[in-house]
Amino acid sequence: MKNMTAAELQNALENNEALNIIDVRETEEVKAGKIPGAVNVPLSILEFKYQDLDKAKPYIIVCRSGGRSAQASQFLEGQGFDVTNMSGGMMSWNGTVE
């Protein structure tokens with residue numbers, strides 16, 4: 001599984017890279033703030049929603065601390081997706097939130 005740090009993701013966003021970020025936290029958690037541009041697909045429903053994702057696009061997976069995003073990344077890799085887990089999750093995020 002590929003990993004990146006929160007700082008690496010923040011740097012990519014600051015460089016205006018086109019990124020596809022999926023936040024797998026539950027809806028209530030995301031209300032406290034998410035990385036700008038991230039789409040919320042809670043881990044609890046990912047197995048029902050992954051068909052809506054485009055296998056031609058790479059995705060960065062985010063959660064609170066990195067555990068659920070690692071689970072989601074393994075699941076999506078098994079389905080043939082190109083995914084990168086953001087290690088440390090939102091607990092290590094120092095950038096802006098929306």
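In helix α4, the residues Ser69, Ala70, Ala72, Ser73 and Leu76 are buried. They span an arc of only 165° around the axis, which places them on the same side of α4. The model described here is predicted.

**Helix α4 and its surroundings**

- The helix α4 comprises 12 residues and reaches 17 Å from its first C-alpha to its last, close to the 16 Å expected at 1.5 Å a residue.
- Gln74 and Gly78 are exposed, and they are carried on the face of α4 turned away from its buried side.
- Glycine 80 follows α4 and has a positive phi, near 95°.

**Helix α1 and the residue that follows**

- Helix α1 covers residues 6–14, and its buried residues are Ala6, Leu9 and Ala12.
- Viewed down the axis of α1, these buried residues fall within an arc of 125°, so they line one face of the helix.
- The packing partners of the buried residues of α1 are β1 (2–4), β2, β4 and β5.
- Ala7 and Glu14 are exposed on the other side of α1.
- Alanine 7 has a relative accessible area of 55%; because exposed residues are those over 50%, alanine 7 counts as exposed.
- Alanine 7 and methionine 86 are 79 residues apart in sequence, and their C-alpha atoms are 9.5 Å apart in space.
- Asparagine 16 follows α1 and lies in the loop between α1 and β2 (21–23).
- The phi of asparagine 16 is near 60°, a positive value in a residue other than glycine.
- Most residues other than glycine have a negative phi.
- Asparagine 16 is exposed, with a relative accessible area of 69%.

**Aromatic cluster**

- The structure contains 3 aromatic pairs.
- In one of these pairs, the ring centres of tyrosine 50 and phenylalanine 81 are 6.4 Å apart and the planes meet at 85°, so the pair is edge-to-face.
- Tyrosine 50 belongs to the loop between α3 (43–49) and β4 (58–62), and phenylalanine 81 to the loop between α4 (67–78) and β5 (82–86), so the pair ties together parts that are 31 residues apart in sequence.
- Tyrosine 50 and phenylalanine 81 are both buried.
- Phenylalanine 81 also pairs with tyrosine 59: the ring centres are 6.2 Å apart and the planes are at 65°, so this pair is edge-to-face.
- Tyrosine 59 is buried, as is phenylalanine 81.
- Tyr50, Tyr59, Phe75 and Phe81 together form one aromatic cluster.
- Lysine 55 lies over the face of phenylalanine 81, at 5.5 Å from the ring centre.

**Domain annotation**

- An unreviewed UniProt entry assigns the annotation "domain: Rhodanese" to residues 15–98.
- The end C-alpha atoms of residues 15–98 lie 18 Å apart.
- The span of residues 15–98 is 27% helix and 18% strand.

Terms used. Residues numbered from 1 in each chain as written. Predicted model: local features only at pLDDT ≥ 70, side-chain atom pairs only at ≥ 80, totals over all residues. Heavy atoms only, no water. Phe/Tyr/Trp six-rings, centres within 6.5 Å; stacked < 30°, edge-to-face > 60°. Helix = DSSP H or I, 4+ residues; strand = E, 2+ residues; numbered from the N terminus. Buried < 20%, exposed > 50% of the residue type's maximum accessible area, 1.4 Å probe, protein only. Lys NZ or Arg CZ within 6 Å of the ring centre and 35° of its normal. UniProt positions renumbered as here; feature names shortened; annotations may be inferred. Expected span 1.5 Å × (residues − 1). Arc of directions from axis to C-beta. Contact = heavy atoms within 4.5 Å.
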